[in-house]
Amino acid sequence: MTTTSATASATASDTASGTACDSPAADDTRRGLAELIEQIRRCTAAESDPAATARLVAGVLIALRPTAYLLTATEREGSADGYVRHTLHTEPTFSISAVVWRPGQITEIHDHLVWCSFLVLQGVETENIFGFDGVGVGDDRRLVQVGRRRRPAGSVSGVAPPDDIHQVHNTGDETAITLHVYGADLSQGTSVRRIYRTEGMPCEGS
Ligand SMILES: [Fe+2]
């Protein structure tokens with residue numbers, strides 16, 4: 001696993017809770033997205049190594065500190081039916097999406113097939129880390145939880161395959177919002193992650 005992690009000096013929730021930011025102008029939707037795209041594009045043009053690119057993009061997320069106002073008020077509400085992903089931008093070398101998680105919402109167990117850098121914009125993300133227990137081979141391998149990371153708003157990470165097998169869970173009591181940059185063009189239906197059955201072996205991309 002190649003990982004770089006940091007916590008931005010001012011969190012997205014700091015900004016989101018400010019009175020001055022409570023009513024962004026209607027034409028200010030996707031606030032900061034254009035600058036974010038431009039800076040990420042420079043990273044992908046300058047670097048081809050996945051781990052190095054993920055680190056560079058994580059640095060951009062720390063420097064620019066985008067906020068939850070990349071999303072509209074309606075998008076920020078999330079859904080009772082499960083976490084919701086909003087694709088904000090796609091191009092051949094990378095895509096940007098935001099995920100809205102109401103309390104208790106959780107992903108399937110998965111790992112990633114491309115580099116990914118992400119920022120917790122609001123709330124708290126808890127990451128359950130999995131590994132194989134050493135019993136069995138092939139399809140009989142079993143996954144067990146081997147760790148847990150808690151990431152508050154402002155946390156930034158950049159990872160590249162082979163990444164941790166993990167599961168992301170909003171264990172907080174407020175809606176969480178995370179911003180993800182993937183090294184793939186999501187508009188082409190590219191699989192950026194691999195989902196694991198309880199028994200452990202990958203079963204599908206998504
Ligand atoms: Fe993931």
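## Contacts and overall make-up

Of the contacts in the protein with a separation of 6 or more, 76% join residues 24 or more positions apart. The model is predicted. Four helices and twelve strands make up its secondary structure. The protein has 206 residues, and 36% of them are buried.

The mean pLDDT is 83, and 81% of the residues reach 70 or more. Residues 7-27 fall below 50. In the model, that stretch still has 27 contacts beyond near neighbours in sequence.

## The nonpolar core

The largest nonpolar core holds 41 residues. Val-57, Ala-98 and Cys-116 touch the most other members. Two or more residues come from each of these elements: helix 2, helix 3, strand 3 (94-101), strand 5 (116-122), strand 8 (155-160) and strand 10 (176-182).

Take Cys-116. Leaving out residues up to four places away in sequence, Cys-116 touches Ala-54, Val-159, His-180, Val-181 and Tyr-182. Ala-54 is one of the buried residues of helix 3. Val-159 is a buried residue of strand 8.

## Helix 2

Helix 2 spans residues 33-46. Its 14 residues reach 20 Å from the first C-alpha to the last, close to the 20 Å expected at 1.5 Å a residue. Leu-36, Ile-40 and Cys-43 are its buried residues. Seen down the helix axis, the buried residues fall within an arc of 50°, so they line one face of helix 2. They pack against helix 3, strand 3 and strand 10.

The other side of helix 2 carries exposed residues: Ala-34, Glu-35, Glu-38, Ala-45 and Ala-46. Ala-46 counts as exposed because it has 10 C-beta neighbours inside 10 Å, and the cut-off for exposed is 12 or fewer. The C-alpha of Ala-46 is 9.5 Å from that of Leu-56, ten residues away along the chain. Leu-56 is buried, in helix 3.

Helix 3 covers residues 50-64. It has 15 residues and reaches 21 Å from first C-alpha to last, close to the 21 Å expected at 1.5 Å a residue. Its buried residues are Thr-53, Ala-54, Arg-55, Leu-56, Val-57, Ala-58, Val-60 and Leu-61.

Arg-65 follows helix 3. It lies in the loop between helix 3 and helix 4 (73-76). Phi of Arg-65 is near 45°, a positive value in a residue other than glycine. Arg-65 has 19 C-beta neighbours inside 10 Å, so it counts as partly exposed; buried would take 20 or more.

Strand 8 is mostly covered, with six of its six residues buried. In a regular strand the side chains alternate between the two faces of the sheet. Both faces of strand 8 are covered. Ser-155, Ser-157 and Val-159 are on one side; Val-156, Gly-158 and Ala-160 are on the other.

Strand 5 pairs with strand 8 in the antiparallel sense, over four bridges. Phe-118 stands opposite Ser-157 of strand 8.

The peptide bond from Pro-161 to Pro-162 is cis, with omega near -5°. Pro-162 lies in the loop between strand 8 and strand 9 (165-169).

Strand 9 is largely enclosed by the rest of the structure, because four of its five residues are buried. It pairs with strand 6 (residues 124-132) in the antiparallel sense, over five bridges. In strand 9, His-169 is the bridge partner of Thr-126.

## Asn-128 in strand 6

Asn-128 lies in strand 6. It has 19 C-beta neighbours inside 10 Å, so it counts as partly exposed. Not counting residues up to four places away in sequence, Asn-128 touches Gln-145, Arg-148, His-166, Gln-167 and His-169. His-169 is also the bridge partner of Thr-126.

Key. Residues numbered from 1 in each chain as written. Predicted model: local features only at pLDDT ≥ 70, side-chain atom pairs only at ≥ 80, totals over all residues. Expected span 1.5 Å × (residues − 1). Contact = placed C-beta atoms within 7 Å. Core = buried A, V, L, I, M, F, W, Y, C linked by C-beta atoms within 7 Å. pLDDT = per-residue confidence, 0-100. Pairing = 2+ DSSP bridges. Arc of directions from axis to C-beta.
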